[in-house]
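Student: Before I use any of the labels for this protein, I want to see each one set against its cut-off. Can we go through them in turn?

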Amino acid sequence: RTVEGVFYYAMEYLDGIDLQQLVERYGPLPEGRVIHILKQICGSLYEAHSKGLVHRDIKPSNIMLNRRGGESDVVKVLDFGLVKALDQEKQSAMTAANALTGTPQYMSPEAIQSPALVDACSDLYAVGAVGYFLLTGQPVFTAESVVALLHQHVATPPIPPSQRLGKGVSERLEHALLACLEKNRALRPQTARMLAQMLDQAPTA
(Lines give C-alpha, C1' and ligand atoms only; values in the text may rest on other atoms or scores of the structure.)
Protein backbone atom coordinates (compact mmCIF):
# COMPACT_ATOMS: atom_id res chain seq x y z
CA ARG A 1 0.00 0.00 0.00
CA THR A 2 1.05 3.57 -0.59
CA VAL A 3 1.71 5.90 2.32
CA GLU A 4 -1.89 7.06 1.86
CA GLY A 5 -3.12 3.47 2.19
CA VAL A 6 -4.02 2.93 -1.49
CA PHE A 7 -3.57 -0.72 -2.53
CA TYR A 8 -1.42 -1.53 -5.55
CA TYR A 9 0.70 -4.37 -6.88
CA ALA A 10 3.69 -4.48 -9.19
CA MET A 11 4.20 -6.99 -11.98
CA GLU A 12 7.10 -7.67 -14.31
CA TYR A 13 6.51 -6.12 -17.73
CA LEU A 14 7.20 -8.62 -20.49
CA ASP A 15 7.88 -7.16 -23.91
CA GLY A 16 8.01 -10.00 -26.41
CA ILE A 17 6.11 -12.61 -28.39
CA ASP A 18 4.62 -15.96 -27.44
CA LEU A 19 5.65 -19.14 -29.22
CA GLN A 20 2.30 -19.58 -30.96
CA GLN A 21 2.61 -16.14 -32.56
CA LEU A 22 6.27 -16.75 -33.36
CA VAL A 23 5.65 -19.92 -35.37
CA GLU A 24 2.50 -18.59 -37.05
CA ARG A 25 4.35 -15.47 -38.15
CA TYR A 26 7.81 -16.84 -39.00
CA GLY A 27 7.39 -20.62 -39.45
CA PRO A 28 9.28 -23.54 -37.90
CA LEU A 29 12.43 -22.81 -35.91
CA PRO A 30 15.95 -24.22 -36.43
CA GLU A 31 16.99 -27.04 -34.10
CA GLY A 32 19.45 -25.02 -32.04
CA ARG A 33 16.85 -22.39 -31.22
CA VAL A 34 14.24 -25.04 -30.36
CA ILE A 35 16.67 -26.67 -27.92
CA HIS A 36 17.63 -23.30 -26.39
CA ILE A 37 13.95 -22.53 -25.76
CA LEU A 38 13.02 -25.99 -24.47
CA LYS A 39 15.90 -26.04 -21.99
CA GLN A 40 14.67 -22.80 -20.45
CA ILE A 41 11.14 -24.22 -20.21
CA CYS A 42 12.67 -27.21 -18.43
CA GLY A 43 14.36 -24.86 -15.97
CA SER A 44 11.06 -23.16 -15.17
CA LEU A 45 9.24 -26.45 -14.75
CA TYR A 46 12.00 -28.01 -12.67
CA GLU A 47 11.60 -25.13 -10.20
CA ALA A 48 7.80 -25.52 -10.12
CA HIS A 49 7.92 -29.31 -9.84
CA SER A 50 10.50 -29.15 -7.04
CA LYS A 51 7.95 -27.08 -5.10
CA GLY A 52 5.26 -29.70 -5.70
CA LEU A 53 3.40 -27.78 -8.43
CA VAL A 54 2.29 -29.13 -11.83
CA HIS A 55 1.43 -26.51 -14.48
CA ARG A 56 -1.14 -28.58 -16.48
CA ASP A 57 -1.44 -26.12 -19.38
CA ILE A 58 1.95 -25.94 -21.06
CA LYS A 59 1.36 -24.77 -24.64
CA PRO A 60 3.02 -22.34 -27.09
CA SER A 61 0.74 -19.42 -26.23
CA ASN A 62 1.70 -19.77 -22.54
CA ILE A 63 5.42 -19.43 -23.26
CA MET A 64 6.83 -16.02 -24.08
CA LEU A 65 10.16 -14.96 -25.58
CA ASN A 66 11.60 -11.73 -24.27
CA ARG A 67 14.74 -9.61 -24.38
CA ARG A 68 16.60 -8.95 -21.14
CA GLY A 69 19.73 -6.85 -20.87
CA GLY A 70 20.47 -7.25 -24.56
CA GLU A 71 19.98 -11.03 -24.38
CA SER A 72 17.34 -12.41 -26.74
CA ASP A 73 15.10 -15.49 -26.49
CA VAL A 74 14.71 -15.27 -22.70
CA VAL A 75 11.82 -17.62 -21.90
CA LYS A 76 9.02 -16.95 -19.44
CA VAL A 77 6.48 -19.69 -18.69
CA LEU A 78 3.14 -17.98 -18.06
CA ASP A 79 -0.37 -18.69 -16.80
CA PHE A 80 -0.17 -20.97 -13.81
CA GLY A 81 -3.96 -20.66 -13.55
CA LEU A 82 -4.53 -24.42 -13.82
CA VAL A 83 -1.65 -25.36 -11.53
CA LYS A 84 -2.11 -28.50 -9.45
CA ALA A 85 -0.48 -28.88 -6.06
CA LEU A 86 0.73 -32.44 -5.48
CA ASP A 87 0.19 -31.78 -1.76
CA GLN A 88 -3.51 -32.54 -1.22
CA GLU A 89 -3.93 -29.85 1.47
CA LYS A 90 -2.66 -27.20 -0.95
CA GLN A 91 -4.80 -28.63 -3.73
CA SER A 92 -8.05 -28.22 -1.79
CA ALA A 93 -7.94 -24.48 -2.43
CA MET A 94 -7.05 -24.81 -6.11
CA THR A 95 -8.54 -26.27 -9.30
CA ALA A 96 -10.75 -29.31 -8.65
CA ALA A 97 -8.55 -32.40 -8.80
CA ASN A 98 -10.88 -34.47 -10.99
CA ALA A 99 -11.66 -31.80 -13.59
CA LEU A 100 -10.48 -32.25 -17.18
CA THR A 101 -8.12 -29.29 -17.57
CA GLY A 102 -5.64 -28.22 -20.20
CA THR A 103 -5.53 -27.51 -23.93
CA PRO A 104 -6.48 -30.54 -26.10
CA GLN A 105 -3.54 -30.28 -28.51
CA TYR A 106 -1.07 -30.48 -25.61
CA MET A 107 -2.78 -32.80 -23.12
CA SER A 108 -1.10 -35.99 -21.97
CA PRO A 109 -2.97 -39.31 -22.14
CA GLU A 110 -3.31 -39.44 -18.35
CA ALA A 111 -4.65 -35.85 -18.24
CA ILE A 112 -7.44 -37.11 -20.50
CA GLN A 113 -8.07 -40.48 -18.84
CA SER A 114 -7.28 -39.78 -15.17
CA PRO A 115 -7.01 -36.01 -14.53
CA ALA A 116 -6.45 -36.53 -10.81
CA LEU A 117 -3.21 -38.42 -11.54
CA VAL A 118 -1.35 -35.77 -13.55
CA ASP A 119 2.19 -35.16 -12.40
CA ALA A 120 5.49 -33.68 -13.59
CA CYS A 121 5.64 -36.23 -16.44
CA SER A 122 2.34 -34.85 -17.73
CA ASP A 123 3.92 -31.41 -18.09
CA LEU A 124 6.88 -33.00 -19.89
CA TYR A 125 4.50 -34.62 -22.40
CA ALA A 126 3.30 -31.09 -23.21
CA VAL A 127 6.90 -29.84 -23.48
CA GLY A 128 7.52 -32.54 -26.09
CA ALA A 129 4.40 -31.42 -27.96
CA VAL A 130 5.56 -27.80 -27.83
CA GLY A 131 9.00 -28.79 -29.13
CA TYR A 132 7.37 -30.76 -31.95
CA PHE A 133 5.32 -27.67 -32.89
CA LEU A 134 8.36 -25.38 -32.84
CA LEU A 135 10.38 -27.75 -35.00
CA THR A 136 7.72 -28.71 -37.56
CA GLY A 137 5.33 -25.76 -37.45
CA GLN A 138 2.48 -28.21 -36.82
CA PRO A 139 0.92 -29.73 -33.69
CA VAL A 140 1.55 -33.42 -33.00
CA PHE A 141 -2.08 -34.30 -33.76
CA THR A 142 -4.94 -32.57 -35.59
CA ALA A 143 -8.56 -33.70 -35.85
CA GLU A 144 -11.98 -32.37 -36.77
CA SER A 145 -13.32 -32.75 -33.23
CA VAL A 146 -11.96 -32.45 -29.70
CA VAL A 147 -12.99 -36.05 -28.95
CA ALA A 148 -11.04 -37.35 -31.96
CA LEU A 149 -8.05 -35.24 -30.96
CA LEU A 150 -8.07 -36.56 -27.40
CA HIS A 151 -8.34 -40.12 -28.71
CA GLN A 152 -5.18 -39.61 -30.78
CA HIS A 153 -3.26 -38.47 -27.70
CA VAL A 154 -4.39 -41.62 -25.91
CA ALA A 155 -3.92 -44.18 -28.68
CA THR A 156 -2.13 -42.92 -31.82
CA PRO A 157 1.68 -42.94 -32.11
CA PRO A 158 3.03 -39.56 -33.25
CA ILE A 159 4.62 -39.21 -36.69
CA PRO A 160 8.36 -38.55 -36.12
CA PRO A 161 9.27 -34.88 -36.77
CA SER A 162 11.76 -35.87 -39.50
CA GLN A 163 8.99 -37.68 -41.36
CA ARG A 164 6.59 -34.76 -40.88
CA LEU A 165 9.21 -32.32 -42.19
CA GLY A 166 10.47 -34.61 -44.95
CA LYS A 167 14.07 -33.93 -43.98
CA GLY A 168 16.65 -35.02 -41.47
CA VAL A 169 16.37 -34.07 -37.81
CA SER A 170 19.09 -34.65 -35.22
CA GLU A 171 18.54 -38.18 -33.90
CA ARG A 172 19.08 -37.08 -30.29
CA LEU A 173 16.57 -34.23 -30.55
CA GLU A 174 13.95 -36.42 -32.24
CA HIS A 175 14.50 -39.11 -29.59
CA ALA A 176 14.03 -36.56 -26.78
CA LEU A 177 10.77 -35.21 -28.25
CA LEU A 178 9.33 -38.66 -28.95
CA ALA A 179 10.36 -39.83 -25.46
CA CYS A 180 8.30 -36.97 -24.00
CA LEU A 181 5.35 -38.07 -26.16
CA GLU A 182 5.32 -41.67 -24.93
CA LYS A 183 1.82 -42.79 -23.95
CA ASN A 184 3.22 -44.55 -20.88
CA ARG A 185 4.61 -41.90 -18.58
CA ALA A 186 7.10 -44.37 -17.12
CA LEU A 187 8.88 -44.28 -20.51
CA ARG A 188 9.17 -40.48 -20.55
CA PRO A 189 11.96 -38.41 -18.99
CA GLN A 190 11.08 -38.43 -15.29
CA THR A 191 12.21 -34.89 -14.49
CA ALA A 192 12.59 -31.62 -16.37
CA ARG A 193 16.30 -31.71 -15.56
CA MET A 194 16.59 -35.15 -17.18
CA LEU A 195 14.93 -33.81 -20.33
CA ALA A 196 17.31 -30.83 -20.40
CA GLN A 197 20.25 -33.26 -20.23
CA MET A 198 18.80 -35.26 -23.13
CA LEU A 199 18.48 -32.07 -25.18
CA ASP A 200 22.09 -31.17 -24.40
CA GLN A 201 23.23 -34.38 -26.11
CA ALA A 202 21.94 -33.22 -29.50
CA PRO A 203 24.80 -32.02 -31.76
CA THR A 204 22.74 -28.94 -32.62
CA ALA A 205 22.41 -27.89 -28.95
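**Labels and their cut-offs**

Tutor: In the largest nonpolar core, which has 44 residues, Ile-41 and Leu-134 touch the most other members. At least two residues of this core come from each of helix H1 (19-26), helix H2 (31-50), strand S3 (63-68), strand S4 (71-77), helix H5 (120-136), helix H8 (171-180) and helix H9 (192-200). With 10 residues, H5 gives the most to this core. The model is predicted: local features need pLDDT of at least 70 and side-chain atom pairs count only at pLDDT 80 or more, while totals for chains, interfaces and linings use all residues. Residues are numbered from 1 along each chain as its sequence is written, and side-chain values use heavy atoms, with hydrogens and water left out.

Student: What makes a set of residues a nonpolar core?

Tutor: The members are buried Ala, Val, Leu, Ile, Met, Phe, Trp, Tyr and Cys residues, joined through side-chain atoms within 4.5 Å. Buried means under 20% relative accessible area, exposed over 50% and partly exposed in between, with a 1.4 Å probe and protein chains only. Helices (H or I, at least four residues) and strands (E, at least two) are DSSP runs, numbered from the N terminus.

Student: Which residues does Leu-134 touch, not counting those up to four places away in sequence?

Tutor: They are Leu-19, Val-23, Pro-28, Leu-29, Val-34, Ile-37 and Leu-38. Contact here means heavy atoms within 4.5 Å.

Student: Why are H2 and H9 called roughly antiparallel?

Tutor: Their packing angle is about 165°, with the axes 8 Å apart. Axes are lines fitted to C-alpha atoms, for helices over the stretch in contact, and angles run from 0 to 180 degrees between N-to-C directions. Angles under 35 degrees count as roughly parallel, over 145 as roughly antiparallel, 65 to 115 as roughly perpendicular and the rest as oblique. H2 and H9 are therefore roughly antiparallel to each other.

Student: What classes of residue make up the contact of H2 with H9?

Tutor: There are nine nonpolar, no polar and three charged residues. Ala, Val, Leu, Ile, Met, Phe, Trp, Tyr, Cys and Pro count as nonpolar, Asp, Glu, Lys and Arg as charged, and the others, Gly among them, as polar. Lys-39 in H2 is one of the residues in this contact, as are Arg-193 and Asp-200 in H9.

Student: How do you know that H2 and H5 are roughly antiparallel?

Tutor: Their axes cross at roughly 160° and come within 10 Å. By the cut-off of over 145, H2 and H5 are therefore roughly antiparallel. Among the residues that meet are Ile-41 in H2 and Leu-134 in H5. This contact divides into nine nonpolar, two polar and two charged residues.

Student: What is the phi of Arg-56, and why is Arg-56 called buried?

Tutor: Arg-56, not a glycine, has a positive phi of about 75°. Most residues other than glycine have a negative phi. Arg-56 is in the loop between strand S2 (53-54) and S3. Its relative accessible area is 10%, so Arg-56 falls under 20% and is buried.

Student: What makes Asp-73 buried?

Tutor: Asp-73 has a relative accessible area of 14%, and is therefore buried by the limit of under 20%. Asp-73 lies in strand S4 and has a positive phi of about 55°.
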